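Subject: Handing over the structure

Hi there,

Here is the structure I promised to pass on to you. Please open it alongside this email, and then read on for what turned up in it.

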Amino acid sequence: MKLIVGVDSGRMRAIAIMNLNGELLSIRSGKELDRRTIISEIIRYGTPVIVACDRARPGNLVKKIASAFDAKLVHPPKNLSVKKKRKLVSDLSPDANSFKVGNTHERDALASAVFALKLFRKLFYKIDCRSPPEVKDTVKELVLKHKSPNIKAVSYTHLRAHETSLHLVCRLLL
């Protein structure tokens, strides 16, 4: 499963893991969350295509986690305010409310993940409309990894050079 992971780094660390449809899968915080533990927790759910934080200048932990998965690192142009983070978390679907946000670190990690999801929501919607269900998440990953602003920006030549049956589907969608 492809994931969006929000990370709050500092003395007390937190992670929020959601799928590309915005369904919250896990939220956790603790001082014991080192990089290895965080990566192990993420792997239990799938592979992140986006790792996000709430700071304009991501910390080393966030950068290393994104790099470990070759995921797109997403951060806001300026630090998210507490008010903005509360709003992002409150915008989640009612299903996400079954998870208890236990502290501000978990809220910040969750807000980071929701920020990233909202940033790419229109692009994901276009892909959902144009892709067969079995390849939607992989097409999203390909578009994100090629830093393409939309589906059509995925290079035809690039897809042909690395053509697999999945790439063929992507090319047919263009």
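Predicted model: local features only at pLDDT ≥ 70, side-chain atom pairs only at ≥ 80, totals over all residues.

Residues are numbered from 1 along each chain as its sequence is written, and side-chain values use heavy atoms, with hydrogens and water left out.

**The overall picture**

The chain has seven helices and five strands. Helices (H or I, at least four residues) and strands (E, at least two) are DSSP runs, numbered from the N terminus. Reading from the N terminus, the order is β-β-β-α-β-α-β-α-α-α-α-α. Of the 174 residues in the chain, 48% are buried. Here buried means under 20% relative accessible area, exposed means over 50%, and partly exposed lies in between (1.4 Å probe, protein chains only).

The five strands make an open sheet in the order β3-β2-β1-β4-β5, with mixed pairing. Two strands pair if DSSP finds at least two bridges between them. At the edges stand β3 and β5, each with a single partner strand, so one side of each has no neighbour in the sheet. From one strand to the next, the twist averages 20°; such angles run from 0 to 180 degrees between N-to-C directions, and the axes are lines fitted to C-alpha atoms, for helices over the stretch in contact.

You can follow the pairings one by one:

- β2 and β3 are antiparallel and share six bridges; Ala 14 has Ser 29 in β3 as its bridge partner.
- β1 and β4 are parallel, with five bridges; Leu 3 stands opposite Pro 48 in β4.
- β4 and β5 are parallel too, joined by three bridges; Ile 50 has Lys 72 in β5 as its bridge partner.

Strand β4 is mostly covered, with five of its six residues buried. Helix α4 lies across β1, β2, β3, β4 and β5, and runs at about 140° to β1.

**The cores**

In soluble globular proteins, nonpolar side chains tend to be buried together. A nonpolar core, as used here, is a set of buried Ala, Val, Leu, Ile, Met, Phe, Trp, Tyr and Cys residues joined through side-chain atoms within 4.5 Å. The largest one has 31 residues, and those with the most contacts inside it are Ile 4, Met 18, Ile 50, Val 74, Leu 110, Phe 120 and Phe 124. Two or more residues each come from β2 (13-19), β3 (24-30), β4 (47-52), α3 (82-90), α4 (104-130) and α5 (136-145). The largest share, 12 residues, belongs to α4. Apart from this core lies another, of 18 residues, including Val 5, Ile 15, Leu 33 and Cys 53.

Which residues of helix α2 (residues 60-68) are buried? They are Leu 61, Val 62, Ile 65 and Ala 66. These residues cover an arc of only 130° around the axis, which puts them on the same side of α2; the arc is that of the directions from the helix axis to the C-beta atoms. Their cover includes β1 (2-8), β2, α1 (35-45), β4 and β5 (72-74). The face turned away carries the exposed residues Asn 60 and Ser 67.

In the loop between α2 and β5 you will find Asp 70. Asp 70 has a positive phi of about 50° although it is not a glycine, and it is exposed, with a relative accessible area of 52%.

**An aromatic pair**

The structure holds one aromatic pair. Rings of Phe, Tyr and Trp (its six-membered ring) pair if their centres lie within 6.5 Å; planes under 30 degrees apart count as stacked, over 60 as edge-to-face and the rest as tilted. Phe 120 and Phe 124 are stacked, at 6.1 Å centre to centre and 20° between the planes. The two are four residues apart in helix α4, and so about one helical turn separates them. Phe 120 is buried at 12% relative accessible area, and Phe 124 is buried at 3%.

Happy exploring!

Methods: Contact = heavy atoms within 4.5 Å.
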